[in-house]
Amino acid sequence: MPTILITGCSSGFGLDTARHFLAEGWRVIATMRTPKPDLLPASDQLTILPLDVTDPASIAAAVAGEIDVLVNNAGIGWLSAVEGTPIPVVRDIFETNTIGTIAMIQAVLPQFRTRRAGVIINVTSSVTLKNYDLLSVYTASKAAVNALTEVMALELAPFGIRAHVVLPGQAPGTAFAANARERLAQAGGFPEPYAEMIEAVFARLTAGADEEKTRSEDVVAAIWRVATDPAAPMRVPAGADAVALFRG
Ligand SMILES: NC(=O)c1ccc[n+]([C@@H]2O[C@H](COP(=O)([O-])OP(=O)(O)OC[C@H]3O[C@@H](n4cnc5c(N)ncnc54)[C@H](OP(=O)(O)O)[C@@H]3O)[C@@H](O)[C@H]2O)c1
């Protein structure tokens with residue numbers, strides 16, 4: 001059975017993806033910033049490794065073994081105006097969502113290229129399909145990964161390596177939004193001149209609370225499809241809201 005390495009398995013999509021591939025009999029390298037072995041069923045097929053995508057030493061250690069599929073899932077959210085986003089926060093977002101993804105790709109490519117096989121799946125976001133106010137910095141960090149993946153796929157295809165993006169819609173079921181809110185509170189909250197806009201965004205989110213959104217299993221299904229289907233498209237939306245945006 002092939003081996004999949006997934007980043008950000010402590011919760012949400014990453015954890016559910018690890019569970020699914022394990023249940024399907026794959027060898028799974030579930031990586032977490034702080035390993036929590038109890039989160040996944042004990043199995044000979046499972047390796048849990050510490051991995052912070054902003055830490056080169058932990059990246060090098062995590063990719064030491066053979067890997068067939070890399071899922072760059074680790075990511076952090078942010079909702080605020082550009083003016084109210086301190087540069088250290090901008091750096092954190094890009095370090096994790098964008099540069100961390102590139103660093104992981106660079107780390108697996110030598111073995112993928114040598115074997116002339118391998119699949120890279122980058123989890124970005126459906127917010128890159130439509131513009132939303134107050135999501136500029138987060139969207140920029142994910143749109144850069146979309147562009148990177150599409151161009152990189154051209155240079156990797158001759159080596160038999162596939163590269164794809166999975167674009168989840170809004171998934172209220174994960175800890176993502178709460179983590180983003182905590183990051184915002186730590187950075188001093190919303191800038192006051194944007195208060196009305198912020199209220200409108202929250203009103204919009206509340207008004208749409210009943211609409212069909214993305215479930216973790218939608219994202220797992222999209223990742224499974226890309227990992228197992230050599231003819232999978234380059235960009236795969238995940239979740240009813242993401243599919244609707246993708247179709248335009
Ligand atoms: N939920 C949504 O609405 C949504 C929509 C579209 C796209 N996405 C994307 O989907 C991905 C997964 O999100 P989720 O909803 O499953 O959220 P989540 O539950 O917050 O999971 C994010 C994961 O990323 C990990 N992580 C954060 N910084 C890291 C770093 N420097 N190194 C390694 N791991 C790190 C977190 O680990 P810790 O526990 O250590 O913090 C956590 O395991 C993200 O890339 C996100 O941008 C989410």
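Predicted model: local features only at pLDDT ≥ 70, side-chain atom pairs only at ≥ 80, totals over all residues.
How many nonpolar, polar and charged residues does the shell around the ligand have? By class, that shell is made up of ten nonpolar, 17 polar and two charged residues.

**Around the ligand**

- There are 29 residues around the ligand, and those that come nearest are Gly8, Gly12, Ala74, Gly75 and Thr174.
- Three helices, namely H1 (12-23), H3 (87-115) and H5 (176-186), each supply at least two residues of the shell around the ligand, and the largest share, three residues, comes from H1.

**Nonpolar cores**

- The largest nonpolar core has 48 residues, and within this core the residues with the most contacts are Ile4, Leu70, Ile121, Val166 and Ile223.
- Helix H7 (residues 216-228) gives the most to this core, contributing six residues.

**Helix H3**

- H3 has 29 residues and reaches 40 Å from its first C-alpha to its last, which is close to the 42 Å expected at 1.5 Å a residue, and the helix bends by about 40° at glutamate 95.

**Helix H7**

- H7 has 13 residues and reaches 18 Å from its first C-alpha to its last, close to the 18 Å expected at 1.5 Å a residue.
- Buried in H7 are Ser216, Asp218, Val219, Val220, Ala222, Ile223, Val226 and Ala227, and Ile223 is also one of the residues with the most contacts inside the largest nonpolar core.
- The buried residues of H7 pack against strand E1 (3-6), H1, E4, E5, strand E6 (162-168) and strand E7 (235-238).

- Not counting residues up to four places away in sequence, arginine 27 touches Met1, Thr3 and Gln45, while its C-alpha atom is separated by 12 Å from that of glycine 65, which is 38 residues apart from it along the chain.
- Arginine 116 is found in the loop between H3 and E5, where it takes a positive phi of about 55° just after H3, although this residue is not a glycine.
- Arginine 116 is exposed, because 10 other C-beta atoms lie within 10 Å.
- Leucine 134, found in the loop between E5 and H4, has a phi near 75°, a positive value in a residue other than glycine.
- Leucine 134 is buried, because 21 other C-beta atoms lie within 10 Å.

Methods: Residues numbered from 1 in each chain as written. Core = buried A, V, L, I, M, F, W, Y, C linked by C-beta atoms within 7 Å. Buried ≥ 20, exposed ≤ 12 C-beta atoms within 10 Å, placed from the backbone. Helix = DSSP H or I, 4+ residues; strand = E, 2+ residues; numbered from the N terminus. Contact = placed C-beta atoms within 7 Å. Near = placed C-beta within 6 Å. Nonpolar A, V, L, I, M, F, W, Y, C, P; charged D, E, K, R; others polar. Expected span 1.5 Å × (residues − 1). Bend = angle between axes of the 7 residues up to and from the residue.
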